[in-house]
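Let's take a walk through this protein together, one region at a time.

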Amino acid sequence: MLNFYYSLLFLAFLVLVLLTVFLYWKIRILKRQNELLTKQNRDVYSITLPDETTIYKLDPHLLKNALNAIQSHAYQSYHALDKLSNVLDYILYETDGTFVKLKDEIAFAQNLIEINKLKISPLFDLHIRKKISPEAGDMLIAPFMTINPIENAFKHADVQNENSYISVVFEVVEDYFYLTVSNRIQSKQRTTNTLGGLGNKTFIQRLKSIYGEDYSLNTEQKEDIYTVTVKIKLYKND
């Protein structure tokens, strides 16, 4: 009888050991499955929510700089359209007669310069100087006499050269209007006469037909610096 109890006790102990081993194995499996599930959830989160995590890491200053850039381009566009509107008003409404006031022609030229500035870098060296008294500004000149030299300067200037520049000087001396435009030209154009185009020939013909002997047009090229000076007789606005 005693041996029977010992046998039952041994059997119970064996069952307990087996049950303990089984439970330990089961716990290990569940723990491993839980680790895999946690990793999968983390991977899914990182895949499905990249935008949220990125947004939180964005530097607000980057967005501010982008906004400033957009506003800058918008302002430049508005500024250019405003200048273009002024140019069109001058062409359509202020040049009906043979002559216009010098101050209006110069305002037209300055608007034209502002429009052409869109083609060049903000760091480009552009000099504009005006030496004209209010009395001289009321004197008369044929319209569009400032277009050709200024357009040629922007057309032929070496805008990629860091040492390049454009200089425009408006001046009146003893009833004569002087327009002096100089610029650094591109190397491939150094042997080319920049007044040889059709538009330039038309400009010269207008000067001759309107002013006869009361004008002069001089050009000079020293190495890569090209300068054109137009001298035009002004008439009093009686």
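Is Asn183 buried or exposed? Asn183 is buried, with a relative accessible area of 3%; here, buried means under 20% relative accessible area, exposed means over 50%, and partly exposed is in between, using a 1.4 Å probe and protein chains only. What you're looking at is a predicted model, where local features need pLDDT of at least 70 and side-chain atom pairs count only at pLDDT 80 or more, while totals for chains, interfaces and linings use all residues. Residues are numbered from 1 along each chain as its sequence is written, and side-chain values use heavy atoms, with hydrogens and water left out.

Now for the overall layout. The chain's secondary structure comes to 7 helices and 7 strands; these are DSSP runs numbered from the N terminus, with helices being H or I of at least four residues and strands E of at least two. Reading from the N terminus, the elements go α-α-α-β-α-β-α-β-α-β-β-α-β-β. Of the 238 residues in the chain, 27% are buried.

Back to Asn183, which is found in strand β5. Asn183 and Tyr226 sit 43 residues apart in sequence, but their C-alpha atoms are 5.5 Å apart in space. You can find another such pair at Asn218, in strand β6 (residues 215–222). Asn218 and Val228 are 10 residues apart in sequence and 5.7 Å apart in space, C-alpha to C-alpha. Asn218 is partly exposed, at a relative accessible area of 47%.

Next, the inside. The largest nonpolar core has 36 residues, and Ile141, Met145, Ile150, Val168, Phe170, Phe177 and Tyr211 touch the most other members. A nonpolar core is a set of buried Ala, Val, Leu, Ile, Met, Phe, Trp, Tyr and Cys residues joined through side-chain atoms within 4.5 Å. The elements giving two or more residues to this core are α3, α4, α6, β4 (165–173), β5 (176–184), α7 and β7, and α4 gives the most, with 5 residues. Take a look at α6 (residues 147–156) while you're here: the helix is mostly covered, with 7 of its 10 residues buried. Among them are Pro149, Ile150, Ala153 and Phe154.

What about the aromatic rings? Rings of Phe, Tyr and Trp (its six-membered ring) pair if their centres lie within 6.5 Å, with planes under 30 degrees apart counted as stacked, over 60 as edge-to-face and the rest as tilted. By this rule the count comes to 5 aromatic pairs. One of them is Tyr90 with Phe108, a stacked pair at 4.7 Å centre to centre and 20° between the planes. That pair links distant parts of the chain, since Tyr90 is in helix α3 (residues 60–93) and Phe108 in helix α4 (residues 102–116), 18 residues apart. Both Tyr90 and Phe108 are buried. The rings of Tyr211 and Tyr235 have centres 6.2 Å apart and planes at 5°, so they're stacked too. Tyr211 lies in helix α7 (residues 198–211) and Tyr235 in the segment after β7 (225–233), so this pair ties together parts 24 residues apart in sequence. Tyr211 is buried, at a relative accessible area of 3%, whereas Tyr235 is partly exposed, at 29%.

Tyr90 and Phe108 also belong to an aromatic cluster with Phe144. Phe144 lies in the loop between β3 (140–141) and α6, and is partly exposed, with a relative accessible area of 24%. Its backbone deserves a look: Phe144 has a positive phi of about 70° although it is not a glycine. Most residues other than glycine have a negative phi. Glu174 also has a positive phi, of about 50°, without being a glycine. You'll spot Glu174 in the loop between β4 and β5, exposed, with a relative accessible area of 73%.

Last stop: the largest pocket, with a volume of about 270 Å³. Its lining includes Tyr75, His79, Glu114, Lys117 and Phe124. On a 1 Å grid over the protein atoms alone, a pocket is an open set of points where a 1.4 Å probe fits, with protein on both sides within 12 Å along at least five of seven lines, and lining residues have an atom within 4 Å of a point. The volume is the space filled by probe spheres set on the points, which are joined across faces, edges and corners. Helix α3 gives the most to the lining, with 4 residues.
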